[in-house]
Amino acid sequence: MRLTAGQALVQWLAAQDVVGEDGVRVPFFGGVWAIFGHGNVAALGEALAQADPARLPTYRAHSEQGMAHAAIGFARAHARRRAMVCTTSIGPGATNLVTAAALAHVNRLPVLLLPGDVYASRRPDPVLQQIEHFADATVSANDCLRPVSRLFDRITRPEQLIDALPRAMAVLTDPAACGPVTLALCQDVQAEAIDWPADFLAPRLWHIRRPAPDARELAALVAALRGAQRPLVIAGGGVHYAGAAPALAALAAQTGLPVAETQAGKGALPDAAPGALGAIGVTGTDAANAAARQADVIVALGTRLQDFTTGSRRLFAADAQLFQVNVALHDCAKHGAQPVLGDAGVLVAALAHALDGWTVPAAWAQQTGAWAAQWHQAAKDARDRPVPADVLPDDVAVIGAVQRARPDATIVAAAGGLPGDLHRFWPCPAPGRYHVEYGFSCMGFELAGGLGIALADRAADVVVMVGDGSYLMLNSELASAAALGVAFTVVLLDNRGFGCIHRLQGRTGNASFATLRGDGLPAIDFVAHARALGAVAHKVADCAALEAALAAPRAADRPTVLVIETDPDGGRDLGGAWWDVAVPEISTRAAVMAARADYDAALEQRP
Ligand SMILES: Cc1ncc(C[n+]2csc(CCOP(=O)(O)OP(=O)(O)O)c2C)c(N)n1
Ligand SMILES: [Mg+2]
């Protein structure tokens with residue numbers, strides 16, 4: 001079949017299927033986000049315009065970073081079983097992808113990036129936007145994407161696609177390698193026609209593999225659990241990607257194993273489930289962190305174990321036995337853990353069988369259950385505590401209003417004070433309803449990611465919670481959502497600046513400096529701004545008004561933005577596990593020296 005490289009690529013994308021969450025065959029690619037310019041408009045753009053929009057729709061976006069966040073949100077909402085494509089022009093369109101690619105890389109989420117590239121033939125060099133590396137003629141702007149791509153390829157001849165595309169797909173659908181794939185498409189090559197083998201363009205069904213653990217590694221874990229006095233499971237994002245949350249809840253009920261959750265793992269167990277201790281780590285609950293400090297056998301299930309989870313490697317007892325269950329060897333080998341390489345779901349099923357008849361020691365079950373009950377009550381009290389009329393609410397009070405009005409919502413957040421407070425205080429009712437991006441904690445993910453998450457399931461009640469700082473950093477996909485008729489709710493917490501960093505400044509002995517917007521500056525009219533982008537927007541006076549506005553009927557064809565003023569000093573981000581933030585060894589400020597003394601003492605400590 002004679003087609004251009006651009007046309008063959010689009011036909012190939014539309015022919016890839018996967019078995020979706022409910023076992024039904026669905027297209028793997030949910031659509032293509034596009035911002036056209038030279039480098040992708042003439043050839044790839046022509047091909048996309050010919051595609052069947054029911055099979056491979058193209059969505060016009062407003063910022064390359066934002067559209068890639070939307071694509072990544074879509075993949076996360078589909079638990080990595082589906083993904084989206086992003087196409088950009090050469091130069092700034094391509095480099096604008098770097099932040100989102102890094103986010104997908106950290107969070108192990110699939111996205112196919114198709115930036116345009118300079119001419120393979122070099123005919124018009126230097127072409128507009130060509131960076132012209134002085135020492136290496138093979139380098140283009142797209143090489144920025146190499147360190148944040150799981151697979152990077154530059155297509156300099158059309159027939160390379162026959163090899164490159166199946167390799168790209170293998171990475172996107174592999175649970176261990178999963179992440180961003182970049183195929184840099186030379187502009188002239190996209191337009192070149194060749195004869196393509198018919199079987200290359202034939203429909204193809206992909207399966208996401210679920211590798212079983214090695215028998216010896218599994219046996220070591222089972223033996224350790226059977227001998228444990230105080231075992232603890234830490235559920236990470238891998239539990240959701242393996243579809244293992246219900247099986248893990250059943251295992252916890254069967255054995256009494258207590259389960260703590262990372263940010264990516266939150267929602268694995270509903271709050272009321274037996275064994276549910278809630279959030280762990282720096283943003284963790286008293287219940288989960290108390291269990292983590294005393295646990296003698298810790299089973300980390302599908303988690304990267306970043307510093308927020310391990311309290312910067314100070315949370316777990318020094319002599320605790322740590323098992324790392326993960327599909328990726330990279331994660332299994334961390335923290336000197338005993339590796340259990342394999343899928344979290346297969347492992348949980350194997351444990352349910354191998355631990356038949358076994359339960360955790362009664363004293364530990366009773367102790368962790370008491371901690372959990374205390375915590376759930378304390379969290380409810382904190383959310384529902386009335387805010388005096390003359391006081392600005394903090395994030396937890398706002399979370400309370402959202403929770404009371406929309407308890408079943410799918411929550412989206414990423415940076416600022418919210419992720420910590422949501423991790424600790426949001427009672428997630430079911431798996432898949434909590435999408436806080438805290439691997440890269442990227443300001444600007446919230447609105448764009450929320451668009452992708454709402455697009456993945458139009459029936460979901462998506463509530464994006466975002467600070468004023470993140471909103472101002474990247475809000476252009478609000479206009480895309482309005483243009484596409486995608487509805488979700490945005491709760492914008494305006495504390496006039498980078499509240500959580502202002503508080504971190506205070507905790508490291510510094511005075512507030514260049515973090516809040518400062519008095520005397522005009523207030524930002526977020527309502528007018530959001531309306532100008534096509535959203536419905538209102539300002540609410542307090543938490544009661546927010547709760548009422550959230551409970552009222554809302555627009556079905558565009559986002560609704562509710563703005564509430566909050567207190568920049570009202571964070572409750574203390575109280576979790578320790579976080580290593582290096583404080584200066586010398587300073588003229590006595591408060592910095594005192595903070596350094598505390599820091600040195602913390603470095604010495606282990607529970
Ligand atoms: C892209 C990016 N730049 C900088 C940071 C560092 N940072 C983390 S939170 C934050 C402030 C966020 O402000 P806002 O969204 O208003 O939330 P608040 O802290 O007020 O809760 C900053 C600057 C980041 N996480 N991401
Ligand atoms: Mg703020």
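## Ligand 1 and its contacts

An oxygen atom of ligand 1 lies 2.7 Å from a polar backbone atom of Gly 469. This distance, like the other values here, comes from a predicted model. An oxygen atom of ligand 1 is also 2.8 Å from a polar side-chain atom of Asn 495. At Met 443, a polar backbone atom is 3.3 Å from a nitrogen atom of the ligand. The protein buries 76% of the 580 Å² that ligand 1 exposes when taken alone.

The shell around ligand 1 has 15 residues, and those that come nearest are Ser 441, Asp 468, Gly 469, Asn 495 and Cys 500. By class, 9 residues of the shell are polar, 5 are nonpolar and 1 is charged. Helix H19 (468-473) and helix H21 (499-507) are the elements that give two or more residues to this shell. H19 supplies the largest share, with 4 residues.

## The sheet from S19 to S22

One open sheet has 6 strands with parallel pairing, in the order S19-S18-S20-S21-S23-S22. Its edges are strand S19 (434-436) and strand S22 (536-540); each has a single partner strand, so one side of each is left without a neighbour in the sheet. On average, and with direction ignored, neighbouring strands of this sheet are turned by 15° against each other.

S22 and strand S23 (residues 560-565) run parallel and are joined by 5 bridges. Lys 539 has Val 563 in S23 as its bridge partner. Helix H23 (residues 543-551) packs on the sheet and touches S21, S22 and S23, its direction making about 170° with that of S23. Another helix, H18 (residues 445-456), lies across strand S18 (410-413), S19, strand S20 (462-467) and strand S21 (489-494). H18 runs at about 175° to S20.

Strand S16 (residues 321-326) runs parallel to S17, and 4 bridges join the two. Val 325 has its bridge partner in S17, at Val 340.

Conventions
Residues are numbered from 1 along each chain as its sequence is written. Chains are lettered from A and ligands numbered from 1 in the order in which they are written. This is a predicted model: local features need pLDDT of at least 70, side-chain atom pairs count only at pLDDT 80 or more; totals for chains, interfaces and linings use all residues. Side-chain values use heavy atoms; hydrogens and water are left out. A residue is near a molecule or strand if one of its heavy atoms lies within 4 Å of it. A polar contact is a pair of N or O atoms within 3.5 Å; within protein, one must be able to donate a hydrogen and the other to accept it, and residues adjacent in sequence count only if both atoms are side-chain atoms. Accessible areas come from the Shrake-Rupley method with a 1.4 Å probe; for residues, only the protein chains shown count as cover. Ala, Val, Leu, Ile, Met, Phe, Trp, Tyr, Cys and Pro count as nonpolar, Asp, Glu, Lys and Arg as charged, and the others, Gly among them, as polar. Two strands pair if DSSP finds at least two bridges between them. Axes are lines fitted to C-alpha atoms, for helices over the stretch in contact, and angles run from 0 to 180 degrees between N-to-C directions. Contact means heavy atoms within 4.5 Å.
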